[in-house]
Amino acid sequence: MNFPHRHLLGIEQLGREEIVTVLDLARKFREVLDRPIPVVPALRGKTVVNLFFEPSTRTATSFNLAAGRLSCHCVNFALAASSAKKGESLLDTCRNIEAMRVDGIVVRHPLAGAPHFLARHLKAFVVNAGDGCHEHPTQALLDAFTLRERFGDLPGLKVLIVGDVAHSRVARSSILCLTRLGAQVSVCGPPTLIPAGIEALGCDVFYRLDRILYEVNVVNMLRLQAERMVAGMLPSAREYRQLYGLTRERLAGLDPATVILHPGPVNWGVEMDYDVAELPQALIMNQVKNGVAVRMAVLYLLAGGQEEAA
Amino acid sequence: MSRILFAAGRVVDPNARTARRLDVLVEDGRIAAVGPRLGPVPGAERLDCRNCFVAPGFLDLHCHLREPGREEAETIASGARAALMSGFTQVCAMPNTDPPIDSEALVRFVSRRAEEAGFARVLPVGCCTKGRQGKELAEIGAMRSAGAVAFSDDGTWIEDAGLMRRVLEYAKTFDAVVMTHCELAALATGTANEGMVATRLGLRGSPWPAEAAAAARDVMLAELTGSRLHVCHVSCAATVDVIRWARARGVQVTAETCPHYLVLTDSALETFDSNLRVNPPLRTEADRRALLAAVADGTIDCLATDHAPHPAEAKAVEFDSAPPGIIGFETAFSLFYESLVLKKQVTLPGLVARLCAAPARVLNLPVPEIAEGAEANLVVIDPEAKWFFDRSRVLSLSRNSPFLGRTMHGRVRAVMLGTRLVSPLGA
């Protein structure tokens with residue numbers, strides 16, 4: 001299989017072929033998930049640790065389930081980064097965990113580059129489950145998986161990412177992943193939330209949602225954190241909704257074929273009105289389901305699973 | 001009597017920026033004779049300098065020796081030793097220690113520690129404000145008489161413009177230069193240069209106006225007060241323009257940049273190596289080129305190390321959590337030599353001028369000379385030498401350098417200060 005990597009640190013390191021390898025394998029695992037007993041013995045005897053320095057429900061659970069369905073032992077380890085800072089350093093924590101004989105570490109951390117730092121110092125494989133505002137590769141892969149499921153091939157597909165691109169690891173990984181698969185990616189948001197030089201990743205930038213929304217096949221709405229208002233980057237959630245929200249009014253004009261994605265958890269009434277939840281073109285729950293299959297593929301490739309066992 | 005003959009080296013005159021092949025005879029720590037072919041000197045140890053330059057010892061305007069307070073990172077003795085072995089016979093110790101050097105007693109403490117150690121001469125820099133808090137004037141007069149050579153709140157900018165004005169005015173009485181660390185805190189909220197690279201890596205960015213706008217305010221205040229201002233660690237093109245503009249208006253402003261800004265750009269951050277975290281941050285290739293040009297044309301008249309040691313445990317963390325700083329003494333000459341002399345930006349005597357004569361002028365100190373009767377204060381530079389910078393070559397107590405594992409060009413082969421002769425690489 002074409003996946004010559006010891007770690008999954010970001011989409012940055014993956015070529016098109018390697019992304020396709022993960023997605024194709026994920027398709028096989030997606031079938032496993034529909035079996036009456038959705039478990040295969042592919043990683044029996046392996047152990048991974050979910051090390052989350054930031055709160056997470058779906059990503060941690062998704063990795064946990066993915067490991068379980070591969071018969072891989074999975075231990076959850078949730079820490080507040082702040083308390084870790086006071087006591088043990090990240091490296092010490094991980095060396096201690098590694099000393100208990102684990103094969104891989106799935107890490108989420110509030111600081112960019114933390115998984116890269118660990119990968120340099122540990123023997124275990126490292127999966128980046130989100131590092132600061134940098135990357136969230138498995139989210140990008142599951143988005144790509146979901147879009148492939150719906151559209152088949154991605155070349156020519158027009159994808160728009162809306163919202164707080166500056167603080168979004170999902171946006172960075174998605175731009176890289178989708179452009180490598182041939183999609184045409186644009187981002188849209190207020191200039192205070194669009195980071196300098198984002199075009200260099202291969203996307204177009206829009207500041208007015210209505211100029212681009214109706215021309216795309218896919219719209220990926222990002223979560224708006226309340227902290228952005230506190231930090232003075234936006235005047236109010238209300239104005240944000242009016243300018244960048246997927247409101248009832250905008251939905252009325254949207255082509256029913258336009259797919260809506262959201263990495264979750266949704267701030268209903270801010271980036272999207274609740275009406276979206278009812279729409280058949282909103283694939284948010286498919287994303288969640290596909291996430292398990294994609295993470296199974298990633299763990300399988302990194303932990304060196306047995307092909308026939310899948 | 002100890003006699004050492006530095007034979008047939010090209011002796012650099014940093015004022016004229018020339019070099020002539022001469023013998024230099026040192027007797028008991030003083031230069032006894034300089035001339036072509038002094039002939040065999042009975043009883044003298046002969047150092048063959050035929051392929052080398054002999055130059056006055058370097059003066060570093062900017063280093064952190066960490067004592068008092070952070071002796072696990074560096075001490076005055078270890079830092080002064082690393083400096084001397086690397087060609088710096090005099091170094092300015094920045095006062096952002098714990099406690100900060102903001103009183104006469106602390107200035108004397110730094111000098112005494114350095115004298116006890118007996119390596120490079122340590123020139124204490126005093127704080128501009130009490131406790132380096134940026135709120136009240138420190139006792140600049142008392143510190144000046146105790147031996148402080150300059151004043152700085154390095155590590156932070158003096159945000160209060162009214163206070164900075166008073167610092168500049170007050171320092172004038174004592175003919176003391178004020179060294180400013182230019183950084184607008186409200187803009188400098190990141191750990192990397194704001195731009196394409198920081199965006200891609202998800203690192204918080206600090207944009208260039210954080211430095212250049214701070215420098216612009218300070219040169220205007222220097223003009224208003226008629227005081228002398230020195231701009232520390234210039235990292236971006238816009239600050240160069242600010243300095244150029246101020247000079248054209250007759251402002252007494254000098255400036256320094258450091259090896260890492262001439263050699264590296266933010267594109268190096270890809271690895272998230274915490275040894276690349278430095279303040280101000282590494283900028284873009286356009287900035288790097290502007291700095292090289294500014295050093296070449298003299299807009300940036302001085303070269304400094306900003307030697308900033310941190311122990312391994314402080315740097316063995318995530319990029320954003322690491323304290324900023326790079327150790328600088330060991331690699332400074334080679335990196336300047338590579339980026340400036342080998343790249344034909346300045347001549348070797350021109351480089352020496354920026355490492356000793358110009359910094360001495362900033363402090364209003366005599367420029368060290370290689371002339372009969374002068375104290376021995378000289379370095380022997382081997383421009384052809386190639387050497388590998390690994391951990392065994394680190395002289396500082398700390399090893400936080402992104403240059404470990406790099407092959408270096410040009411090196412300081414020997415240093416003589418007074419009666420003490422040292423050979424850095426044991427060569």
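Is Asp60(B) buried or exposed, and how many other C-beta atoms lie within 10 Å? Asp60(B) is buried, with 30 of them. The legends below cover close-up views of a predicted model, in which local features need pLDDT of at least 70, side-chain atom pairs count only at pLDDT 80 or more, and totals for chains, interfaces and linings use all residues. Residues are numbered from 1 along each chain as its sequence is written, while chains are lettered from A and ligands numbered from 1 in the order in which they are written.

View 1. Asp60(B) is buried. The term buried requires 20 or more other C-beta atoms within 10 Å of a residue's own; exposed means 12 or fewer, partly exposed lies in between, and C-beta atoms are placed from the backbone. Leaving out residues up to four places away in sequence, Asp60(B) touches Ala83(B), Phe88(B), Val91(B), Cys92(B), Ala304(B) and Thr305(B). Contact means that the C-beta atoms of two residues, placed from the backbone, lie within 7 Å. Cys302(B) is 242 residues away along the chain, yet its C-alpha atom is 9.0 Å from that of Asp60(B).

**View 2. The open sheet of chain B.** Its 8 strands run in the order E6-E7-E8-E9-E10-E13-E14-E15, with parallel pairing. E6 and strand E15 (302-303) are the edge strands, each pairing on one side only. Strands pair if DSSP finds at least two bridges between them. Strand E8 (residues 121-126) and strand E9 (residues 150-152) of chain B pair in the parallel sense over 2 bridges. Phe151(B), in E9(B), is the bridge partner of Gly126(B).

**View 3. Helix H6 of chain B and its cover.** H6(B) has 17 residues (209-225). At 1.5 Å a residue the helix should span 24 Å, and its end C-alpha atoms are 24 Å apart, which agrees. The expected span is 1.5 Å times one less than the number of residues. Buried residues of H6(B) include Ala210(B), Ala214(B), Asp218(B), Leu221(B) and Thr225(B). Among the elements that cover the buried residues are helix H4 (161-172), strand E10 (177-180), helix H7 (237-248) and strand E14 (253-257) of chain B. Just after the helix, Gly226(B) takes a positive phi of about 70 degrees.

**View 4. Domain contact within chain B.** The domain assignment gives domain 1 (3-54 + 371-422) and domain 2 (57-362). Domain bounds come from an automatic or database domain assignment. The C-alpha centres of the two domains lie 26 Å apart. In the contact, 31 residues of domain 1 meet 41 residues of domain 2. Strands E2 (18-27), E16 (377-389) and E17 (406-417) each give two or more residues to the domain 1 side. E17(B) gives the most, with 7 residues. By class, this side has 18 nonpolar, 9 polar and 4 charged residues. Ala, Val, Leu, Ile, Met, Phe, Trp, Tyr, Cys and Pro count as nonpolar, Asp, Glu, Lys and Arg as charged, and the others, Gly among them, as polar.

**View 5. Domain contact within chain A.** Chain A is divided into domain 1 (16-136 + 288-309) and domain 2 (137-286). Their C-alpha centres lie 25 Å apart. Here 22 residues of domain 1 are in contact with 23 of domain 2. Helix H1 (16-33), strand E4 (125-131) and H11 each give two or more residues to the domain 1 side. H11(A) gives the most, with 7 residues.

**View 6. Strands E1 and E2 of chain A.** In strand E1 (residues 47-52), 5 of the 6 residues are buried, so the strand is largely enclosed by the rest of the structure. E1(A) runs parallel to strand E2 (residues 73-78), joined by 6 bridges. Val75(A), in E2(A), is the bridge partner of Val49(A).

**View 7. Where chain A meets chain B.** The contact joins 22 residues of chain A to 16 residues of chain B. Helices H4 (90-99), H5 (114-121) and H7 (169-180) of chain A each give two or more residues to the chain A side. H5(A) gives the most, with 3 residues. That side divides into 12 nonpolar, 6 polar and 4 charged residues.

How values were computed:
Helix = DSSP H or I, 4+ residues; strand = E, 2+ residues; numbered from the N terminus.
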